[in-house]
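Hi there,

Here is the structure I promised to pass on.

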Amino acid sequence: LCTSYDRYEVSLGPDSGLVAHWPLDEGSGTVAADTSGYSYDGDLLNGASWGSDGTRSSYVSFDGTDDRIATAFNYALSDTDDFTWAWWAKKEATSHSGSIMVGNRYGGTGSESLEFIKFMPNKAAFADTGSAANIEDYNYSDLPSNQWHHYAMVKDGTSYQWYVDGVAQGAPVTDDYAETTALPFLIGGDGDNKPNEHFQGYIDDVVLYRNALTAHNIASVMNGEY
């Protein structure tokens, strides 16, 4: 199993369009295949396990302690770069509010001890700073417990829009987050086993784009059209 980020020789993806997609349909084994064609496969670590139900035929279950999927994808985003990150999640009621569904808590390159994009049950947080006072938060309604929902964040330049089940939630938020260091992308937790930063629940069908999808596009992704 992968125990560090050094395992990966990362292939370069496109400058726009679909760049990574983990359907999480394997149902067994420890590899989460990236079906985008850019070889960003992931490894299920520390007991992350497969599950299935009548809503999502296959998904990965996370225990909230140290489970995660480490992928070969990484990212360094300027304030003008666009992206769309989308996934399905079902949160357990006991999952910590600071637990990470997708993204990663990272840091320590140069003076920036806080470097991350991370999506949690109650907000997203963006940082490229040495001071916690400069972290940018995007607050949204807490994820409901024990329910599957589709989540997406669209970044269009410095404008960010959160979607739930294909519907935009409120007005876009402006943030000038930028990062020059390529940060590892994880599913279900951080890379350092920090307390309370691992998601307790279930995640499925994680897909990343290097462009800002429209509301129509988000609905298509939710319905399995990529």
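**Strand β9 and its neighbours**

β8 and β9 pair in the antiparallel sense, over five bridges. Strands here are DSSP runs of E with at least two residues, numbered from the N terminus, and two strands pair if DSSP finds at least two bridges between them. This is a predicted model, in which local features need pLDDT of at least 70 and side-chain atom pairs count only at pLDDT 80 or more, while totals for chains, interfaces and linings use all residues. Residues are numbered from 1 along each chain as its sequence is written, and side-chain values use heavy atoms, with hydrogens and water left out.

Glu115 faces Asp128 of β10, and β9 and β10 form a hairpin with three residues between them.

In a regular strand the side chains alternate between the two faces of the sheet. For β9, both faces are covered: Leu114, Phe116 and Lys118 on one side, and Glu115, Ile117 and Phe119 on the other, are all buried (under 20% relative accessible area; exposed is over 50%, partly exposed in between, with a 1.4 Å probe and protein chains only).

**Salt bridges**

The structure holds five salt bridges (a side-chain nitrogen of Lys or Arg within 4 Å of a carboxyl oxygen of Asp or Glu). One of them joins Asp204 and Arg56, with the closest N and O atoms 2.8 Å apart. Asp204 lies in strand β17 (residues 200-209) and Arg56 in the loop between β4 (49-51) and β5 (59-63), so the pair ties together parts that are 148 residues apart in sequence. Asp204 is buried at 2% relative accessible area, and Arg56 is buried too, at 16%.

Arg105 comes up again here, in a salt bridge with Glu197 (3.7 Å, N to O). Since Arg105 is in β8 and Glu197 in the loop between β16 (183-187) and β17, this pair ties together parts 92 residues apart in sequence. Arg105, Lys118 and Glu197 are linked in a network of salt bridges.

**Ser95**

Ser95 sits in the loop between β7 (83-91) and β8 (102-106), and counts as buried at 9% relative accessibility. A polar contact of 3.0 Å joins its side chain to that of Ser99 (N or O atoms within 3.5 Å, one able to donate a hydrogen and the other to accept it; residues adjacent in sequence count only if both atoms are side-chain atoms). The Ser95 side chain also reaches the backbone nitrogen of Gln200 at 3.0 Å.

Best wishes

How values were computed
Helices (H or I, at least four residues) and strands (E, at least two) are DSSP runs, numbered from the N terminus.
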